[in-house]
Amino acid sequence: MAAEITTTKLNAESHLLLDQPLLRLPHEVARKNFKTVQKHVERENKDILSALKSTANASLAGQDASKTVASLDNMINRMQGLKRKMETLHSEEKALHQASRKRIQHLQDLYEIPSLADVKYDEWSRVRLNRLLVDYLLRCGYGESARALAREKGIEQLVDLEVFVQCHRVEESLKRRSTQECLAWCAEHRPMMKKLDNRLEFELRLQQYVELRRNGQLVEARQHAQKYLSQHAGIYLEEVNRAAGLLAYPPDTKVREYRKLYSETRWDDLAKLFVNTHHELFSLPARPLLHIALSAGLSALKTPSCHSKHASSTANASSTTTSVCPICSTELNDLARNLPYAHHTKSYVENDPVVLPNGRVYGRDRLLEMSTKVGLDAGQVKDPTTSVIYPASEIRKVYIS
């Protein structure tokens with residue numbers, strides 16, 4: 001019963017962690033869109049006003065009317081281009097608002113369920129499970145499978161398909177030894193990255209420098225370092241100095257520090273750094289939500305006896321249905337081995353507890369009653385779980401401290 005109560009408590013508290021990205025990610029994307037709109041408007045406003053002032057002055061100075069009209073046409077074209085950008089961003093914002101309303105209603109449905117034992121909670125949990133599965137598939141790079149599952153279950157507005165698809169696309173480009181897509185992504189999100197003091201862009205520029213040096217383009221490498229690396233010397237002075245020394249060492253060098261810079265594994269490290277940066281920017285957990293939910297559930301049910309020397313004898317290797325707790329089953333025992341135990345604030349034990357030679361604890365009255373029902377002699381008791389029979393003289397009373 002203690003496990004059941006702890007499961008209920010953890011299940012309720014885990015909603016905050018598992019469902020937080022539902023609202024946080026659309027908020028972060030909407031904020032990014034707002035910053036993009038603001039940047040476009042400010043830039044075009046500055047350029048148009050400047051061009052308008054120059055055109056007006058030139059017209060007053062006697063400029064040919066055709067040039068003035070051409071200048072005005074150019075400004076109109078720019079404003080039309082701004083309008084198209086704004087319309088696109090507005091459509092994206094409307095889609096975000098619709099998704100946010102759907103997600104808020106999804107969480108409101110949970111709030112209105114009176115008890116976790118209610119059948120409506122089972123239905124709500126199935127929706128959440130499907131959402132966690134889509135999240136897991138997206139993080140593993142199975143975008144089409146995730147899209148098909150979301151479409152089949154009708155939860156497209158409860159998952160963030162495009163965000164993860166874009167993340168996977170940039171990650172794969174880095175694994176293909178290309179920095180262009182990731183640098184474009186960094187340029188788009190530079191204001192947000194500056195707040196996090198993130199080093200992704202510096203590492204990308206450093207990798208470009210390494211590739212130039214690897215290909216023997218020493219002049220280009222020096223120019224690249226002066227343009228892109230020197231500006232980071234105040235923050236990454238040691239790395240910049242080491243990069244400067246790379247000019248003196250060929251790709252087959254045996255010097256450990258420079259051999260690490262030339263290593264091809266840096267591309268995989270860059271891909272991991274990008275994914276971590278992406279998730280941090282959009283307030284996404286580093287681990288799949290499915291892993292978090294599974295870890296919480298396993299910890300809630302786990303007890304010290306689940307991994308005792310007696311636990312293995314109770315697991316049924318040929319079936320997933322067993323009379324023991326789920327953690328003692330063959331399927332979940334190893335998975336839960338390294339997880340922490342649940343924190344039990346209260347203990348619930350049967351009256352007059354006794355312990356059998358195999359370490360299992362039962363109430364004396366229930367143990368004797370069950371042994372009598374199966375036809376055992378008065379001097380024998382049977383373990384209800386393992387069906388092993390012991391002499392009644394071998395049971396010992398347990399004192400709870």
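The second largest pocket holds about 690 Å³ of space. Here a pocket is an open set of points on a 1 Å grid over the protein atoms alone, with protein on both sides within 12 Å along at least five of seven lines, and lining residues have an atom within 4 Å of a point. Grid points are joined across faces, edges and corners, and a volume is the space filled by probe spheres set on the points. Of the 23 residues lining this pocket, Val 29, Ala 95, Leu 96, Glu 162 and Val 163 are the closest to its centre. Two or more lining residues come from each of helix H1 (2–60), helix H2 (65–111), helix H4 (143–153) and helix H5 (161–175); helices are DSSP runs of H or I with at least four residues, strands are runs of E with at least two, and both are numbered from the N terminus. H2 gives the most to this lining, with 6 residues. By residue class, the lining of the second largest pocket divides into 9 nonpolar, 5 polar and 9 charged, where Ala, Val, Leu, Ile, Met, Phe, Trp, Tyr, Cys and Pro count as nonpolar, Asp, Glu, Lys and Arg as charged, and the others, Gly among them, as polar.

The model is predicted: local features need pLDDT of at least 70, side-chain atom pairs count only at pLDDT 80 or more, and totals for chains, interfaces and linings use all residues. Residues are numbered from 1 along each chain as its sequence is written, and side-chain values use heavy atoms, with hydrogens and water left out.

In soluble globular proteins, nonpolar side chains tend to be buried together. A nonpolar core is a set of buried Ala, Val, Leu, Ile, Met, Phe, Trp, Tyr and Cys residues joined through side-chain atoms within 4.5 Å; buried means under 20% relative accessible area, exposed over 50% and partly exposed in between, with a 1.4 Å probe and protein chains only. The largest such core has 34 residues, of which Val 134, Cys 182, Trp 185, Leu 200, Leu 204 and Phe 274 touch the most other members. The elements giving two or more residues to this core are H1, helix H3 (119–139), H4, H5, helix H6 (180–188), H7, H8 and H12. Beyond its neighbours within four places in sequence, Phe 274 is in contact (heavy atoms within 4.5 Å) with Cys 167, Val 170, Glu 171, Leu 174, Cys 182, Trp 185 and Leu 200. Another core, of 15 residues, lies apart from the largest one and includes Leu 206, Ala 221, Leu 229 and Val 240.

The structure also holds 1 cavity of 30 Å³ or more, a cavity being a set of grid points where a 1.4 Å probe fits but cannot get out. The largest cavity has a volume of about 110 Å³. Among its 14 lining residues, Arg 131, Asp 135, Leu 158, Asp 160 and Leu 289 lie nearest its centre. H3 supplies the largest share of this lining, 4 residues. The lining of the largest cavity divides into 9 nonpolar, no polar and 5 charged residues.

Turning to the record, an unreviewed UniProt entry annotates residues 72–102 as "coiled-coil region"; UniProt positions are given in the numbering used here, feature names are shortened, and annotations may be inferred rather than shown by experiment. That span is 100% helix and 0% strand, with its end C-alpha atoms 45 Å apart.

Finally, Asp 197 has a positive phi of about 55 degrees although it is not a glycine. Asp 197 is found in the loop between helix H7 (190–196) and helix H8 (200–214), and counts as exposed because its relative accessibility is 55%.
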